[in-house]
Amino acid sequence: MPDFSKFPLGIRKRRPHPDEWEKTIVAFESPYRLKDLCIPQPDAPLQSSEALRQQKLKIRLATSDVRRRTASMLIEKRYASRGYQTGELEEDPQRITVLVFMEERIVGTTTLGLDGPAGLMADSIYKAEIDTLRAEGRTVCELTKLAIDDEHVDSRHIVAVLFHLCKIYGQNIHRASDFVIEINPRHANFYKKLLGFKDFGPERTCPRVNAPAVLLRLELSYADDQIAKYGGLQKAATGIRSLYPYCFSKDDEMGIASRLIRGE
């Protein structure tokens with residue numbers, strides 16, 4: 001957990017407009033160049049004028065019925081193409097749905113589930129496994145409903161920033177120590193190889209999507225180490241089987257977390 005008392009003075013002095021978080025949390029460009037932070041960012045040259053056309057992206061929360069419905073449409077489209085069933089997003093204080101917009105169109109979304117009296121969605125078939133973490137005093141969050149409109153964006157970058165925003169909310173704000181994800185076995189290697197998730201629960205049938213699932217776990221201390229080493233260094237992505245170079249830098253993570261904490 002970062003020590004916010006040691007942040008640069010520019011971050012500590014900044015006061016966001018009251019409804020800033022209702023609009024945009026972070027504006028950034030793909031390839032990576034973050035805007036609207038108090039930590040000054042140098043102008044980074046584009047890697048390629050053709051393959052990596054600059055895309056202006058914004059991260060927001062699904063704080064309205066309209067945003068939840070639009071995100072649900074993207075989720076349904078992507079899940080239905082794979083034969084999965086899914087329900088609409090609903091307002092829930094234990095769930096934080098993060099959205100990535102490009103030109104006011106949602107191009108990516110995922111939801112962070114916070115543990116609480118109602119538990120996690122994965123408890124429906126993996127409660128025994130998750131209870132072992134709770135018994136150790138660990139705080140668990142889960143990632144669900146990831147969907148990317150990969151026809152219009154670099155899906156690696158979008159998955160990385162969605163993951164990173166969930167990490168900031170889960171770890172920096174809600175003190176999570178671990179993420180779990182209930183995933184179809186066919187997609188497990190993606191999360192294991194590119195983000196460092198580990199096997200944590202055997203294959204079972206998930207009744208929510210009527211498909212097989214496995215449970216994966218990520219210790220967020222590992223994600224911290226990888227972000228400190230690779231975050232924001234997309235050039236380092238060449239030859240590295242990881243999404244962490246597509247995440248924000250560690251300094252940017254601290255700036256975003258500070259803004260979110262002060263915006264509560």
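Which residues does Phe197 touch, not counting residues up to four places away in sequence? I began my notebook with this question and return to the answer in the third entry.

**Entry 1: The model**

I noted that this is a predicted model, in which local features need pLDDT of at least 70, side-chain atom pairs count only at pLDDT 80 or more, and totals for chains, interfaces and linings use all residues. Residues are numbered from 1 along each chain as its sequence is written, and side-chain values use heavy atoms, with hydrogens and water left out.

**Entry 2: The whole protein**

I looked up the secondary structure and found eight helices and nine strands. Here helices (H or I, at least four residues) and strands (E, at least two) are DSSP runs, numbered from the N terminus. I then looked up burial: 53% of the 264 residues count as buried. Buried means under 20% relative accessible area, exposed means over 50%, and partly exposed lies in between, with a 1.4 Å probe and protein chains only. The accessible surface is about 13,000 Å², and carbon and sulfur atoms hold 50% of it. This area comes from the Shrake-Rupley method with a 1.4 Å probe; for residues, only the protein chains shown count as cover. For contacts (heavy atoms within 4.5 Å), I recorded that among those with a separation of 6 or more, 69% join residues 24 or more positions apart.

**Entry 3: The cores**

I answered my opening question: Phe197 touches Leu143, Phe163, Phe179, Ile181, Tyr191, Lys192, Leu216, Arg217 and Leu218. I next looked for nonpolar cores, each a set of buried Ala, Val, Leu, Ile, Met, Phe, Trp, Tyr and Cys residues joined through side-chain atoms within 4.5 Å. The largest has 51 residues, and Phe197 is one of those with the most contacts inside it, a group that also includes Leu112, Phe163 and Tyr244. Helix α5 gives the most to this core, with 11 residues. A second, separate core has 13 residues, including Ile125, Ala211, Ala213 and Leu215.

**Entry 4: Helix α5**

Because 17 of the 19 residues are buried, α5 is largely enclosed by the rest of the structure. Arg175 follows this helix and lies in the loop between α5 and β7. Although Arg175 is not a glycine, its phi is positive, at about 60°. Its relative accessibility is 55%, so Arg175 counts as exposed.

**Entry 5: Helix α4**

A straight helix of 13 residues would span 18 Å, but α4 spans only 14 Å between its end C-alpha atoms. Where is the kink in α4 centred? I found it centred on Glu129, with an angle of about 45°. The bend at a residue is the angle between axes fitted to the seven residues ending there and the seven starting there. Glu129 is also among the buried residues of α4, together with Asp123, Ile125, Tyr126, Ile130 and Leu133. The buried residues pack against β6 (140-148), β7 (178-183), β8 (198-206) and β9 (211-219). Just after α4, Gly137 has a positive phi of about 80°.

**Entry 6: Strands β4 and β5**

I turned to strand pairing, which requires at least two bridges found by DSSP between two strands. Seven of the eight residues of β4 are buried. The two strands form a hairpin with two residues between them, and Glu103 in the turn has a positive phi of about 50°. Glu104 is in the loop between β4 (95-102) and β5 (105-114). Glu104 is not a glycine, yet its phi is positive, at about 65°. At 53% relative accessibility, Glu104 counts as exposed.

**Entry 7: Strand β9 and its partners**

Finally, I looked up β9. Seven of its nine residues are buried, so β9 is largely enclosed by the rest of the structure. β9 pairs with β7 in the antiparallel sense over six bridges, where Asp178 is partnered with Glu219. Six bridges also join β9 to β8, again antiparallel, and here the partner of Asp199 is Leu216. The hairpin of β8 and β9 has four residues between the strands, and Asn210 takes a positive phi near 55° in this hairpin.

Conventions. The expected span of a helix is 1.5 Å times one less than its number of residues.
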